[in-house]
Amino acid sequence: MILTSFARALAQIGDPRFFRVLILGLALTVALLIGVYGLFVWALDAFIPGSFTLPWIGEVGGVHTVIGWGSAVVVLVLSVFLMVPVASAFTGFFVEDVAQAVEDRHYPRLPLVPRLPLGDTLIDAANFLGLMLIANLLALILYFFAGPFIPLIFWGINGYLLGREYFTLVAMRRLGRVGARSLRARHSGTIWLAGVLMAAPLSIPIVNLLIPVLGVATFTHLFHALNGDQGFVSSPTGV
């Protein structure tokens, strides 16, 4: 079921609506990282003196330059770990666009559903973003002690988060929040495994940028399979 859902999502990767969500998610991610770095530089200028005096040494200058270069390196390293998780969270803003594209192609017999209220979408996406950031920042601490098990920790944490949030957001469109949580609870193991399948390619550069959109599409198919929807119409290729 999971692999079939993923194969169907992958077959639709050329959909223009998928590409639009991909670009918007990446643009918001880059803007956030730039904004965080700009805020740090502003705080640096506002609260840290440009020079200070040390006993027996005298005045030491260039503090802002040293810290600025150091912070740039830190942000660059953090972006390697946080770029895709943050992009995944931002894709939550556009879950309905991807899910609708999947349903238009594969489930045309299902009735249309009204879009979720914008306020609810923003709150859910913001909560997901905060959860992804906190979980992955805490995971950075675990990485120091995990050694060769770092990929397993990364896949496990992000697989759980991706599965939990994406499945819930997709299911909410048709079942409401309570119904989505109930269905997710009944199939938590399957959803977590599907999330791990999504999280594993996050370690592969370039490929990982496609995962947020593919994840939403995959969980749309998975939701309909677990919910027993019979509206699926195969594509001309049989996928």
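A: Buried means under 20% relative accessible area, exposed means over 50%, and partly exposed is in between (1.4 Å probe, protein chains only). This is a predicted model, where local features need pLDDT of at least 70, side-chain atom pairs count only at pLDDT 80 or more, and totals for chains, interfaces and linings use all residues. Residues are numbered from 1 along each chain as its sequence is written, and side-chain values use heavy atoms, with hydrogens and water left out.

Q: OK, what pLDDT does the chain average?

A: The average is 77, and 74% of the residues score at least 70; pLDDT is the predictor's confidence in each residue, from 0 to 100. Over residues 233-239 the pLDDT is below 50, although that stretch has 11 contacts in the model beyond near neighbours in sequence. Contact here means heavy atoms within 4.5 Å.

Q: How many salt bridges does the structure hold?

A: There are 6, counting a side-chain nitrogen of Lys or Arg within 4 Å of a carboxyl oxygen of Asp or Glu. One of them pairs Arg17 with Asp104, with the closest N and O atoms 2.9 Å apart. Arg17 lies in helix α2 and Asp104 in helix α4, so the pair ties together parts that are 87 residues apart in sequence. Helices are DSSP runs (H or I, at least four residues), numbered from the N terminus.

Q: Is Arg17 buried or partly exposed?

A: Partly exposed, with a relative accessible area of 36%. Asp104 is also partly exposed, at 37%.

Q: And which side chain does Glu103 meet in a salt bridge?

A: That of Arg174, at 2.9 Å, N to O. The two link distant parts of the chain, with Glu103 in α4 and Arg174 in α6, 71 residues apart. Glu103 is at 2% relative accessibility, so it counts as buried, whereas Arg174 is partly exposed at 22%.

Q: How many of the residues in α4 are buried?

A: 10 of its 12, so mostly covered by the definition of buried. Val98 and His106 are among them.

Q: Switching to the core: which residues touch the most other members?

A: Phe18, Val98, Leu162, Phe167 and Phe219, in a largest nonpolar core of 44 residues. The largest share, 11 residues, comes from α6. A nonpolar core is a set of buried Ala, Val, Leu, Ile, Met, Phe, Trp, Tyr and Cys residues joined through side-chain atoms within 4.5 Å.

Q: What is Phe18 in contact with?

A: Leaving aside neighbours within four places in sequence, Phe18 has contacts including Ile13, Val98, Val102 and Val213.
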